[in-house]
Amino acid sequence: MTRLAELKSGKKARIVHMGVKGPAGQRYREMGMICGEKVEIVRVAPLGDPMEIEVKGYNLSLRKEEAELIIVEVMK
Amino acid sequence: MKETTKVALAGNPNVGKTVIFNELTGSKQHVGNWPGVTVEKKVGNFSHKDEEIEVVDLPGTYSLSPYSIDERIARDYIIEEKPDAVVNIVDASNIERNLYLTLQLLEAGANVVVALNMMDEAQKKGMKIDVKKLSEILKAPVIPMVGIKGEGVKELKNAIYEEVKHRREHRHMSMGYGRELEKGIISLEEEMARCPALKKYRHRWLAIKILEGDAEAIKKVSEAGCDDLIKEAKRLRKQFGRKLDEDMETYFADKRYEFVDDILGVVLIKGKKLWSFSDMLDKVLTHKVFGIPIFLAMMWAAFQFTFSVAVPFMDAIDLFFGWLGDIARVSITNPAIQSLVADGIIGGLGSVLIFLPNIFLLFFVLSLMEDSGYLARAAFVMDKAMYRIGLQGKSFVPMLLGFGCNVPAIMATRTIEDRKERLITILVNPLMSCSARLPVYILFAGAFFIGAEGSVIFSMYLMGILLAVLMALLLRKVFFKGKPSPLIMEMPPYRMPTFKSSAIHMWEKGSMFLKKAGSIIFLGVVIIWFLSTYPGGPGSDIETSYVAAIGRWVQPIFAPLGWDWKAAIALVFGFVAKEIVVGAYGTFYGISDADEGSTSLRSELHGAFTPVSAYAYMAFVLIYVPCLATIGVIKSETGSWKWTLFAVAYMMGLAYLVALVITVVGHLLGFA
């Protein structure tokens, strides 16, 4: 099991567990970050944070702080 | 009389909602604020056949479970005001996430018309959408459109017309949440029938919302006095939560996306992922090494454009009002009325309108950046740095613009959704040294720091930035406890901005400024005019005026800093605009046409200041309230006198403190 925050750009993964709680957690889910969903790391910002991922066919950016709480399974 | 037919435009951000709003209503629109908040409300209207239709452009929203003030407004309007139809604008190229909101709108019982926008982009992505089938499944009209080309607008008008003419209740598609949960929903609905106060809401929607644990829906129910319902919902939440082994919120979101998948399985043929122009641009614009330099270069260009192009227009406005004042002086003989009209009213109008070129140009550029999608990248690139001081990426642009003029810079904070982050950005913005302060620096640096003018002036800018960072951290610690809210930001693909949209945006901001902040600025200028003219009346010596009295009265406060009463008076005048400080000194020493470069003025100043007290004075000018216009715009943007007064008070206090520290340290180090 890997944390989303650890992935390098270009990696693909499947969400296994959404650890972000509260209203923000619900918002991430409504934005498509649900269990079983496929995501791809598009890039990391020049200063090392936040990161941009592709999910549900669009691009979303989030900070590593939250990405630490999202557990994924890396796909080949 | 027949009630007006109302239609709301709802949709995710970045789906081309504003473009469609403009296409529908043309020039027949006006901008205001939603009651009680500083979120823009755009209303327009159009007539179609025999129907006059009012269109409300709701703030962009991802879901009917609100996450920001903007989203709460959108939802409340749909739920409470119950418009006759809701036009749900869907980005066809991003249909999967967009349909999430569509399902919620249908669930809430809205009369939905789906405007399937950006069909051209979807096509480019190789997507094929069966519009007819989608409409059959949703049981709602679906109109394919390309908003920026005006394609589909006529069809949309027709569909809206049909919808409001032949309203049919509850004929829309209703998605199920599984047999177990449906039983719970139905039992809650039955219970709800006993609550007449909840009649206006669609029961199924409300039942789902309280099962989801939506705080505001629960509040509505409890206000209606139906606490049994909440208890029952709580019990069901627990029961299902245990059975499903996950939160109810998660379950509902999962189910909705499952349903979206089912729909798309029937209506969508996905394209192959192609390398788009947008991806290519992003490779460069958010590049590890080049990202930040490019961003800074873009900002520099925007800054130059805004503040250099504005100069001739501002000069023209200045000349025009000067000319108008001269006419008034010539044609009015009564000296009291002459001065009121020429210096008070015309001067007041002039000091409001002088900001318009900056505001117009700035919001034109900002609109280009926002519509093109670059603003999201700018926030992405700068987020980490701003996060360190308790802010977020979107705070950077307004801070930078502050170097030009704090007035449009504070107006530019509207892109920040989080209220705390927005307030902090507004409150520290005046510390960014705007261009009006430069003449004061030049005058004093030229008089006291010959040979080191550049470094001394640069130190002022640096001091402003440093103080802004410290204040932001302090405000976070004291008034706005907690961390910045998590970043959940969509990165829309790059799109060609349209001139029309940007021009409309610029016009709206300009008129907003005139309406909201203009009156406060105007009033302030007239008051200062009065205080500087009376009790002696027009033509009397300025040293006998109320302002001079105030200056003498407050001078003892400044005595420890080594400033005389003239310095104090100049600061009072500086309230109107910082550059007036220079002019005020010219008046005191009887030097006509004094400007910051005037050598005679510089030598006069040597009698009144030492290098230490001059440096302290410069720092004070940097920090204390920038100008009346900034105060006006802080009021109109925060919507609160409390925060406005707080801003004024803390800046005065901070200015005094810093000036005092400079004086004490300066003396300790042995400088005079």
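This is a predicted model: local features need pLDDT of at least 70, side-chain atom pairs count only at pLDDT 80 or more; totals for chains, interfaces and linings use all residues.

1. Residues are numbered from 1 along each chain as its sequence is written, and chains are lettered from A and ligands numbered from 1 in the order in which they are written.

2. Chain B contributes 29 residues to the contact and chain A contributes 27 residues; two residues are in contact if their C-beta atoms, placed from the backbone, lie within 7 Å. On the side of chain B that touches chain A, at least two residues come from each of α3 (95-107), α11 (248-267), α13 (291-331), α16 (374-387) and β10 (489-490) of chain B. These elements are DSSP runs numbered from the N terminus, with helices being H or I of at least four residues and strands being E of at least two.

3. The residues on that side of chain B comprise 14 nonpolar, seven polar and eight charged. Here Ala, Val, Leu, Ile, Met, Phe, Trp, Tyr, Cys and Pro count as nonpolar, Asp, Glu, Lys and Arg as charged, and the others, Gly among them, as polar.

4. Strand β5 (residues 58-62) of chain A and β10(B) run antiparallel and are joined by two bridges; strands pair if DSSP finds at least two bridges between them. Within β10(B), B:Met489 stands opposite A:Ser61.

5. For chain B, the domain assignment gives domain 1 (5-165), domain 2 (179-269) and domain 3 (416-482 + 530-672), the bounds coming from an automatic or database assignment. A distance of 48 Å separates the C-alpha centres of domain 1 of chain B and domain 3 of chain B.

6. The peptide bond between A:Asp49 and A:Pro50 is cis, with omega about -5 degrees. A:Pro50 is placed in the loop between β3 (38-44) and β4 (51-55) of chain A. In chain B, a cis peptide bond leads from B:Tyr534 to B:Pro535, with omega near 5 degrees; B:Pro535 lies in the loop between α23 (518-533) and α24 (546-558) of chain B.

7. B:Lys82 is a residue other than glycine with a positive phi, near 45 degrees, and it is located in the loop between α2 (69-81) and β5 (85-91) of chain B. B:Met118, also not a glycine, has a positive phi of about 60 degrees and is in the loop between β6 (112-117) and α4 (119-124) of chain B.

8. Are these two residues buried or partly exposed? B:Lys82 counts as partly exposed because it has 17 C-beta neighbours inside 10 Å, whereas B:Met118 counts as buried because it has 28 C-beta neighbours inside 10 Å. A residue is buried if 20 or more other C-beta atoms lie within 10 Å of its own, exposed if 12 or fewer, and partly exposed in between, with C-beta atoms placed from the backbone.
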